[in-house]
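I opened this notebook to keep track of what I looked up, one topic at a time. The structure comes first, and my entries follow it.

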Amino acid sequence: MIKYLVFDLDETLYPKDSGLMGAINERIRSYMVDKLGFDPATVEQIRRNYYLKYGTSLRGLMVEYGIDPEDYLAYVHDIPLEQYLSPDSRDLREALSHINLEKIIFTNASTEHALRILRFMGLEEFFSRIVDIRALGYICKPAPEAFVRFLDIIKAKGEECILVEDSLRNLRVAKDFGMTTVLVDGLRGGDECVDFVINNLAQIERVVKELLNAPP
Ligand SMILES: [Mg+2]
């Protein structure tokens with residue numbers, strides 16, 4: 001039985017074309033070049049390798065350079081949200097208010113970053129909890145260990161969760177854990193690990209209705 005509606009944060013709760021993730025990426029790059037002394041010419045290749053090997057730049061820098069994750073998180077999220085996000089989330093608020101499932105954020109970012117975004121968009125009241133990278137012991141999605149920890153923290157089985165994500169590789173792992181998977185990105189399309197594809201997050205209302213009305 002489905003009990004939890006779980007959302008990724010970045011580029012899921014707000015649109016990919018907002019430019020916010022680009023700004024965060026610029027901060028990550030600046031952290032590596034200006035604070036850690038990486039060569040600007042190779043930093044993107046190193047980040048790409050970290051993404052593939054460790055899931056995120058943060059995890060790569062922790063494993064290979066022993067950096068302080070809290071210093072990193074505070075630095076990379078230091079961005080004026082109002083330059084990128086719209087506070088108008090009426091359609092999404094309407095949709096979430098019609099969904100009778102516990103709603104949870106599951107993110108590779110920090111709780112502070114998640115709360116700033118939720119507050120700016122007027123969505124905070126809908127979410128019962130945020131499981132952030134700190135709660136995950138800095139093990140990030142798509143590592144299976146991150147999903148094990150997440151389910152342990154919320155005390156749920158994978159089958160009880162719907163995961164809404166913009167990242168196909170995260171959804172593939174979610175499927176292995178028995179979650180129902182929703183990809184937010186109509187343009188790219190899903191694959192066999194994706195149960196539903198939506199273009200606009202407010203369409204989640206229709207998906208949940210369909211799932212809850214389906215015969216067992
Ligand atoms: Mg995302």
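The entries below go from strands to a helix, then to loops, and end with the nonpolar cores.

**Entry 1, the model.** I noted at the start that this is a predicted model, and I read every entry with that in mind.

**Entry 2, strand pairing.** I began with strand β1, residues 4-7, and found that it runs parallel to strand β2, residues 102-106, with four bridges joining the two. Looking for a residue pair to locate this by eye, I picked Phe7, which stands opposite Ile105 in β2. I then looked up strand β4, residues 161-165, which also pairs with β1 in the parallel sense, over four bridges. Here the pair I marked is Tyr4 with its bridge partner Cys161 in β4.

I checked the length of helix α2, residues 43-54, because its 12 residues at 1.5 Å a residue should span 16 Å, and the end C-alpha atoms are 15 Å apart, which agrees. Following the chain onward, I came to Gly55 after α2, and its phi is positive, near 100 degrees.

I next looked up Glu11, which is not a glycine and yet has a positive phi of about 65 degrees; Glu11 lies in the loop between β1 and α1 (20-35).

I looked at the bond from Lys141 to Pro142, which is cis, with omega near 5 degrees. Pro142 sits in the loop between β3 (129-131) and α7 (144-154).

Which residues touch the most other members of the largest nonpolar core? Of its 38 residues, I listed Val6, Ile105, Ile162, Leu163, Val164 and Val182. A second, separate core has eight residues, among them Tyr31, Leu58, Tyr72 and Leu73.

Methods: Residues numbered from 1 in each chain as written. Predicted model: local features only at pLDDT ≥ 70, side-chain atom pairs only at ≥ 80, totals over all residues. Pairing = 2+ DSSP bridges. Expected span 1.5 Å × (residues − 1). Core = buried A, V, L, I, M, F, W, Y, C linked by C-beta atoms within 7 Å. Buried ≥ 20, exposed ≤ 12 C-beta atoms within 10 Å, placed from the backbone.
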